[in-house]
Amino acid sequence: MTNDHAPETVAPAAEQNAPIITYRQALNETLRAEMIRDPDVFLMGEEIGVFEGSYKITAGLLAEFGPKRVVDTPIAEEGFTGAAIGAAMLGMRPVVEIMTINFSLKAVDQIVNHAAKIHSMFGGQASVPMVIRTPGGGGQQLAATHSQNLEVWYAHIPGLKVVAPSTPADAKALLLAAIRDDDPVIFLENLGLYNTKGPVPAGDEAAEIGKAAVVKPGTDLTVVSYSHGTVIALEVAHKLEEEGVSVEVVDLRSLRPLDRDTICESVRKTSRAVVFEEDWLSYGIGAEIAATIGEGAFDYLDAAVRRVAAAEVPLPYSKPLERAALPDAAALSKVIREILDATRFAR
């Protein structure tokens, strides 16, 4: 299952001399490099060996590293996630691939009650340095049980770190950071990003987990987003710029810990904010961002924080209905224009 119609990302000026590769390639090359660098890094998951993964992220790794470091598992998410937790406690650095975030529900007890809590419950005497890579998101006509954004479930849990890269460069930098981290990291990959392209610098510089990025500066309004949502937010921001509207785009990159300082600093500058997410509206990441802005930048706001998110329905299989349920560039543009029209007097 692959997505062959995803848009290309735009290369930042500072990275224009870096090789242009896909998000999928960036993940594959980073896994390979980390397995060479550290013999304690190994991979586990369904069909990641002979079949090379449902999305081919592990292509070529079984042939290069063998079955002891690229381990095909049964369809038993709770079992192999628990095995990886045990291996991590003994000093290994497992990278688990769960075929889709929807299947991670089978392993929730291991992730939430064990991986997230062991360090604290053992008084700091044990750590769980493991990564759980898993794709999610809609737009691929995979129907309701295979198209969900469940990131808020894991971002809610103390003891877990949750990252969601939006570009190939961040996919590399955040995966490096996740594998080298001594805490369990949930590494979220959106299905709509695998074929996106962008510059990926050489070297092995890891990102700082917990640090957001202003991926487009602006002065009139801030859009806060993450993962595939950032690609759409940038598309809208660049289009509105042609009309004289200056939109700043903040890419969260990390959902836990959350970089509240960068969010509030941006909103203090623009005085308006929209949160754009592909998750459902109620109780989602957008609600946390809106509360963060209310606590840290309320006095600077010219308008209430608005949220653009998915319709609150199980995502339909029907292509027209699925498109209607997912938030898109048109919906984000409409909300931005409404805010600017309503607060024009304030500028």
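The model is predicted. Its largest nonpolar core has 45 residues, and this core lies between domain 1 (20-199) and domain 2 (213-343), because both domains give residues to it.

**Largest core**
- Val96, Met130, Ile186, Leu252, Leu255 and Ile289 have the most contacts inside the core of 45 residues.
- Helices that each supply at least two residues of this core are H3 (77-89), H4 (108-115), H6 (151-155), H9 (260-270) and H10 (285-297).
- Strands S2 (41-45), S7 (185-190) and S13 (273-280) also supply at least two residues each.
- The most is given by H3, with 5 residues.

**Second core**
- A separate core has 33 residues, among them Leu43, Ile57, Val163 and Ala171.

**Packing of H3 and H4**
- The axes of H3 and H4 are 8 Å apart and meet at an angle of about 25°.
- Angles under 35 degrees count as roughly parallel, so H3 is roughly parallel to H4.
- On the H3 side the contact is made by Glu78, Thr81, Gly82 and Ile85.
- On the H4 side the contact is made by Asp109, Gln110, Ile111, His114 and Ala115.
- By type, the residues of this contact are 3 nonpolar, 4 polar and 2 charged.

Technical notes
Residues are numbered from 1 along each chain as its sequence is written. This is a predicted model: local features need pLDDT of at least 70, side-chain atom pairs count only at pLDDT 80 or more; totals for chains, interfaces and linings use all residues. Side-chain values use heavy atoms; hydrogens and water are left out. A nonpolar core is a set of buried Ala, Val, Leu, Ile, Met, Phe, Trp, Tyr and Cys residues joined through side-chain atoms within 4.5 Å. Buried means under 20% relative accessible area, exposed over 50%, partly exposed in between (1.4 Å probe, protein chains only). Helices (H or I, at least four residues) and strands (E, at least two) are DSSP runs, numbered from the N terminus. Domain bounds come from an automatic or database domain assignment. Axes are lines fitted to C-alpha atoms, for helices over the stretch in contact, and angles run from 0 to 180 degrees between N-to-C directions. Angles under 35 degrees count as roughly parallel, over 145 as roughly antiparallel, 65 to 115 as roughly perpendicular and the rest as oblique. Contact means heavy atoms within 4.5 Å. Ala, Val, Leu, Ile, Met, Phe, Trp, Tyr, Cys and Pro count as nonpolar, Asp, Glu, Lys and Arg as charged, and the others, Gly among them, as polar.
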